[in-house]
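Have the sequence and the 3D view open side by side.

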Amino acid sequence: FFKIFFNTGNAGLLLYICLDFQPLKKSLNKIPPLLMHNQKSTARDILKPWLRRQTDTLSSLGIIKASIETLTLRFARHYFVIIFLYLLFGAYVALAYRLLVITRQTWSKKSNLNSPLLSPVNSFVYWIEYLPVRLLCLSLILKRTISTPWHNIKKYGQFYYDKNSGWLLSSMSSTLQIQLGGPALYQKQRYAKMRISHHPLPQVHDLNRSFNVINQVRLFWLLL
C-alpha cells in the first residue's frame, strides 16, 4: 500500500513540476487593460520573458498577436501534451518531453531559427507532439464548420515553419476568426513568417476571447 501511495505521489509531483501554464496566463491577463490605457511599454515588458522574438518594437497589434500565439502554443506544449503523455505513458515520459521542450527553447534563444543544431530536437519533438496536437486542434475548432478550419490548416498550417505550430495557430485563427502570424524579429533579424488567414486583424477583446477558448477546451477534456 505505502509503495503504491509513494509511487502515485511521486508521479503526481513530477506532473506538477512539468506543468507550466498558469504563470503565463496570469501574465497575459494583465495585457488587455494595459493596452486599453495605451501602456504598450509595460505590456511589452510583461510579454518579453515568454517570447523568443524581440518585443521592444511591437505595436499594439503585434502585442495582441504575440500574446494569442504564445497562449495557444504554450497551452499545447506546457499543458495539453504533457497531460496526454502522462495519462498514456506515465510521468517519466511526460518529464522527458518537458525537458526536450526546455532544451529546444534554450538553444533557440542562442541560435537562428533554421540552425542545424535544432533540427534533431525539432524532429523528435514534432513526432512526440503529432497526435496530441491534432486532438487539441480538433477540440479548438469544434464550434466551427469543420470545412473552414480544415481549409485554413491545409492552406497555412501545413506550410508554416513548424507544422505543429501551424496547425495550432490555424485552428485558433479559425475559432476566433482573426488573422495570426506575420513577420517577426529574432536576434535583430527579420523573419518573414506566414500570415495565417485573411480574417480581420485581432483587437484587444480577442485576447480575452482566446482565454475563454482555452478554458472551454480544458473543460471539454475534463468532462470527457
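Gln 177 is partly exposed, because its relative accessible area is 29% (buried means under 20%, exposed over 50%, and partly exposed in between, with a 1.4 Å probe and protein chains only). Gln 177 sits in the loop between helix 9 and strand 1 (180-181); helices (H or I, at least four residues) and strands (E, at least two) are DSSP runs, numbered from the N terminus. Its phi is near 60°, a positive value in a residue other than glycine. Most residues other than glycine have a negative phi. Asn 38 is also not a glycine, and it has a positive phi of about 60°. You'll find Asn 38 in the loop between helix 3 (31-36) and helix 4 (40-47), and with a relative accessible area of 57% it is exposed.

Before going on, a word about what you're looking at. This is a predicted model, where local features need pLDDT of at least 70 and side-chain atom pairs count only at pLDDT 80 or more, while totals for chains, interfaces and linings use all residues. Residues are numbered from 1 along each chain as its sequence is written, and side-chain values use heavy atoms, leaving out hydrogens and water.

Now step back to the whole protein. It has 10 helices and four strands, and reading along the sequence gives the pattern α-α-α-α-α-α-α-α-α-β-β-β-β-α. There are 224 residues, and 48% of them count as buried. The accessible surface (Shrake-Rupley method, 1.4 Å probe; for residues, only the protein chains shown count as cover) comes to about 12100 Å², with 62% of that belonging to carbon and sulfur atoms. As for contacts (heavy atoms within 4.5 Å), take those between residues at least 6 apart in sequence: 66% of them join residues at least 24 apart.

Leaving aside residues up to four places away in sequence, Ser 173 touches Asn 152, Ile 178, Gln 179, Leu 180, Ile 196, Ser 197 and His 199.

Next, helix 5. How do helix 5 and helix 7 pack? Two packed helices are described by the angle between their axes and the distance between the axes. Here helix 7 covers residues 119-140, the angle is about 105°, and the axes are 10 Å apart (axes are lines fitted to C-alpha atoms, for helices over the stretch in contact, and angles run from 0 to 180 degrees between N-to-C directions). That makes helix 5 roughly perpendicular to helix 7, where under 35 degrees counts as roughly parallel, over 145 as roughly antiparallel, 65 to 115 as roughly perpendicular and the rest as oblique. On the helix 5 side, the contact includes Phe 75, Arg 77 and Phe 80, and on the helix 7 side it includes Ile 128, Glu 129 and Leu 131.

Arg 77 lies in helix 5 and Asp 162 in the loop between helix 8 (147-155) and helix 9 (163-176), so the pair ties together parts that are 85 residues apart in sequence. Arg 77 and Asp 162 are both buried.

Asp 20 is partly exposed at 23% relative accessible area, whereas Arg 98 is buried at 9%. Another salt bridge, between Arg 209 and Asp 206, has its closest N and O atoms 2.6 Å apart. Both residues lie in helix 10 (residues 204-223), three residues apart, about one turn of the helix.

Finally, turn to the surface. Leu 87, Leu 88, Phe 89 and Val 93 form a nonpolar patch there, with about 410 Å² of accessible area together. Patches are made of residues with over 30% relative accessible area and no salt bridge, joining like charges within 9 Å and nonpolar side chains (Val, Leu, Ile, Met, Phe, Trp, Tyr) within 5 Å. Helix 5 (residues 60-89) gives the patch its largest share, three residues. Phe 89 belongs to helix 5, and it counts as exposed because its relative accessibility is 52%.

Technical notes
Salt bridge = Lys/Arg side-chain N within 4 Å of Asp/Glu carboxyl O.
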